[in-house]
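Try each task before reading its solution.

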Amino acid sequence: MVSCIAAGYLLPSHQKSLGANKLASPAELSHFLESVERRAYKQALYGVRNEQSALDIVQDAMIKLAEKYGDKPAVELPLLFQRILQNTLHDHYRRQKVRDAWTTLFSSFSPKDEEEFDPLEVLQDNSNPSAPSGPESLLEQGQTIAMIEAELAQLPARQREAFLLRYWEGLDTTETAAAMGCSEGSVKTHCSRAVRTLAKALKDKGVELP
Amino acid sequence: MNNDHEGEIPENNKPESIARLLTHSAEKIDTKTIEGLRRARNVALNRQSIHKPYFALSSGHTTHLLTPHSPQQWVAAIILLIAVLVSLAGYWHHGAEHDSNHHDMSHLDIAILTDDLPMEIFLDP
């Protein structure tokens, strides 16, 4: 909620009282996309763990929003964009699953030399001693963020989506359910499990957030 | 807002704290990615659908499908219109000739019926 308001956009549940239904102009759409693109990219990156794929997903979601809903009222854009982004991510997962099935089939005939994703690599990269030195607190914060992002990437997709939409994007339970295409009960369950998993992982690593 | 199912989460590791750090992380995306996002945004904006008002005489339902939209369609429509006009002109000309012949034959019929044929008819040429 805070992030959306800071970006200049109110969520649908807070817009009803305003009765705003003005159609989005190109400038408004541009401003909206600029305000959400970074978090959208991060959301996609947590899910697919590949920078180029994450960029492609965000671009696909932006194009779909502009082409199909570019003439919708500006106040409807945040929820529409989240729904499109989640659907685009799901499409990517489905295609990835098919690709993986074929890759597994063919790779059984060749020696295994590809490395799987290891969150510890992310931690090592971010605590790289060759990186520019800064205040100790800044370094610790960077390590904590890397740890959280690695844990987020490890969460089941639905739990991660629910957590990010609910707590990061500031949607309420109803809006999160609409964006995810599931019931409000499922959203609460996914959120609860995600929060507990993250909290336990941080506690196990002795991290206490500021 | 964010208080369902939070249970025994440590005070300092609440979702709000995690979300705050994620926002901090999103603000520190590298310039290469930011440039990629900017390009993606521009591609999307170039494809934005803009609400277009209907032409005043159009019903806004199906009649606009009959009007030409591209230059090729306009050329085809003009050729079709010329063909129709030429056909109509030919038909009118043919009808006028037919009326003229019909007029001559009517005079002959009347002359036969009234036994008022000119003498030239009975003479060998």
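**Exercise 1: Contacts and folding pattern in chain A**

In chain A, 68% of the contacts between residues at least 6 apart in sequence join residues at least 24 apart. Keep in mind that this is a predicted model.

Task: state how many helices and strands chain A has, and in what pattern they follow.

Solution. Step one: count the elements. Chain A has ten helices and zero strands. Step two: read along the sequence. The pattern is α-α-α-α-α-α-α-α-α-α. Step three: check burial. Of the 210 residues in chain A, 37% are buried.

**Exercise 2: The nonpolar core**

Task: find which residues of the largest nonpolar core touch the most other members.

Solution. Step one: take the core as a whole. The largest nonpolar core holds 55 residues. Step two: pick out those touching the most other members. They are A:Y41, A:A44, A:V58, A:A61 and A:M62. Step three: follow one of them, A:A44. Set aside its neighbours within four places in sequence. A:A44 is then in contact with A:A54, A:I57, A:V58 and A:L89.

**Exercise 3: Chain B and its contact with chain A**

Task: describe chain B, then work out which of its elements gives the most to the side that touches chain A.

Solution. Step one: chain B has three helices and zero strands, in the order α-α-α from the N terminus. Buried residues are 10% of its 125 residues. Step two: size the contact. Chain B supplies 34 residues and chain A supplies 42. Step three: assign the chain B side to elements. Those giving two or more residues are α1 (15-26) and α2 (31-46) of chain B. α1(B) gives the most, with eleven residues. Step four: sort this side by type. It has 16 nonpolar, 13 polar and five charged residues.

Technical notes. Residues are numbered from 1 along each chain as its sequence is written. Chains are lettered from A and ligands numbered from 1 in the order in which they are written. This is a predicted model: local features need pLDDT of at least 70, side-chain atom pairs count only at pLDDT 80 or more; totals for chains, interfaces and linings use all residues. Helices (H or I, at least four residues) and strands (E, at least two) are DSSP runs, numbered from the N terminus. A residue is buried if 20 or more other C-beta atoms lie within 10 Å of its own, exposed if 12 or fewer, and partly exposed in between; C-beta atoms are placed from the backbone. Two residues are in contact if their C-beta atoms, placed from the backbone, lie within 7 Å. Ala, Val, Leu, Ile, Met, Phe, Trp, Tyr, Cys and Pro count as nonpolar, Asp, Glu, Lys and Arg as charged, and the others, Gly among them, as polar. A nonpolar core is a set of buried Ala, Val, Leu, Ile, Met, Phe, Trp, Tyr and Cys residues joined through C-beta atoms within 7 Å.
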